[in-house]
Amino acid sequence: MIVERPYRFLLMLIIIVMVTGCDYSGRLDEDDSQVWYFLIHPSDAPDGSKIVEYNHTQNEIINEIDLPEGMSSPHALAYDGEHLWLGGMGNNEKLYCLETESGNVVQQYENIRTEGITVFGGSIWFSSSNLRRNVWLININSDGDTLQEIDTELIVIQDIAHFQDKIYYTYNDTNEPVGIIDLDTGDIEGFITDAALGQYVYAMSVHEGYLYIIDSRGEVNYLRAFDAETGEFLQEAATSIDGWITAMAPSY
């Protein structure tokens, strides 16, 4: 194909912009290494449904962890510094505690359907719509005993995360909002209206004062970062992880 001289520069500029748009080097602190666990759903998993440990700074996969047998719709993931916590929305789903290297099941809790898990203060919080009209936040201890329940009055929650005695949640809507639930009062308030530029948000995490989401745009999963206190957008960077990321957890 012959390209006239006036259009060559424009073509080169378009190519440069396209390549730059998939640059994975954007990080909040380039002196630190960002390592994430990403949960890949089987309905869009080019390399298979699994938990992927991904070094975002170096753009390399460190480890791939198989999901427990029989798990049909993995949607929730958290990391407590020692173990991974995994949940799903399939029928007769379980909440799992897994070894990080092997994925071996350390403990499991029966009949829990969830899209969001966060672990802190020695207990587990998860969002659940089991046999209920609205989504509830449920807090259990390591024995599976219920410690607290909060009726969120929300129809659906895609993911939850913890920061400063509050639960952050996200759900799919026109503007992909992120909201906050006060654990003391149960009050709900909006936080980020336009969290994503793509079609949906399913994965969210809060770590060291930053709120992160996965923004799926086309075939590229972008990691977007916000200030967890103000909601200010900070920056984004493409990842090289393919498929539907339904949950994420920092491992650094």
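Biologist: Is alanine 247 buried or exposed?
Modeller: Alanine 247 is buried, at 0% relative accessibility. Buried means under 20% relative accessible area, exposed means over 50%, and partly exposed is in between, with a 1.4 Å probe and protein chains only. Do keep in mind that this is a predicted model, where local features need pLDDT of at least 70, side-chain atom pairs count only at pLDDT 80 or more, and totals for chains, interfaces and linings use all residues. Residues are numbered from 1 along each chain as its sequence is written, and side-chain values use heavy atoms, with hydrogens and water left out.

Biologist: Thanks! Which strand does alanine 247 lie in?
Modeller: Alanine 247 belongs to strand β20, residues 245-250. Strands (E, at least two residues) and helices (H or I, at least four) are DSSP runs, numbered from the N terminus.

Biologist: What does glutamate 64 pair with?
Modeller: Glutamate 64 forms a salt bridge with lysine 50, and their closest N and O atoms are 3.1 Å apart. Glutamate 64 is in strand β3 (residues 60-65) and lysine 50 in strand β2, 14 residues apart. Glutamate 64 is partly exposed, at 42% relative accessible area, whereas lysine 50 is buried at 11%.

Biologist: And which residue does glutamate 236 form a salt bridge with?
Modeller: That one is arginine 224, with the closest N and O atoms 2.8 Å apart. The pair links glutamate 236 in strand β19 (residues 233-238) to arginine 224 in strand β18 (residues 220-227), 12 residues apart. Here glutamate 236 is partly exposed at 27%, while arginine 224 is buried at 6%. Both also take part in a network of salt bridges that links Asp215, Arg217, Arg224 and Glu236.

Biologist: What about lysine 94, what does it form a salt bridge with?
Modeller: Lysine 94 forms a salt bridge with glutamate 110, the closest N and O atoms being 3.9 Å apart. Lysine 94 lies in the loop between β5 and β6 (95-99) and glutamate 110 in the loop between β7 (105-109) and β8 (114-120), so the pair ties together parts that are 16 residues apart in sequence. Glutamate 110 is partly exposed, at 45%.

Biologist: Now strand β4, why is it largely enclosed?
Modeller: Strand β4 (residues 74-79) is largely enclosed by the rest of the structure because five of its six residues are buried. It pairs with strand β5 (residues 83-88) in the antiparallel sense over five bridges; two strands pair if DSSP finds at least two bridges between them. Glycine 88 in β5 is the bridge partner of proline 74.

Biologist: What do β4 and β5 form together?
Modeller: They form a hairpin with three residues between them, and glycine 81 in the turn has a positive phi of about 100°.

Biologist: Last topic: where is alanine 45?
Modeller: Alanine 45 is in the loop between β1 and β2, and it is partly exposed at 21% relative accessibility. Its C-alpha is 7.1 Å from that of aspartate 242, although the two are 197 residues apart in sequence. Aspartate 44 is also placed in the loop between β1 (35-40) and β2 (50-55), and aspartate 44 is partly exposed at 37%.

Conventions. Salt bridge = Lys/Arg side-chain N within 4 Å of Asp/Glu carboxyl O.
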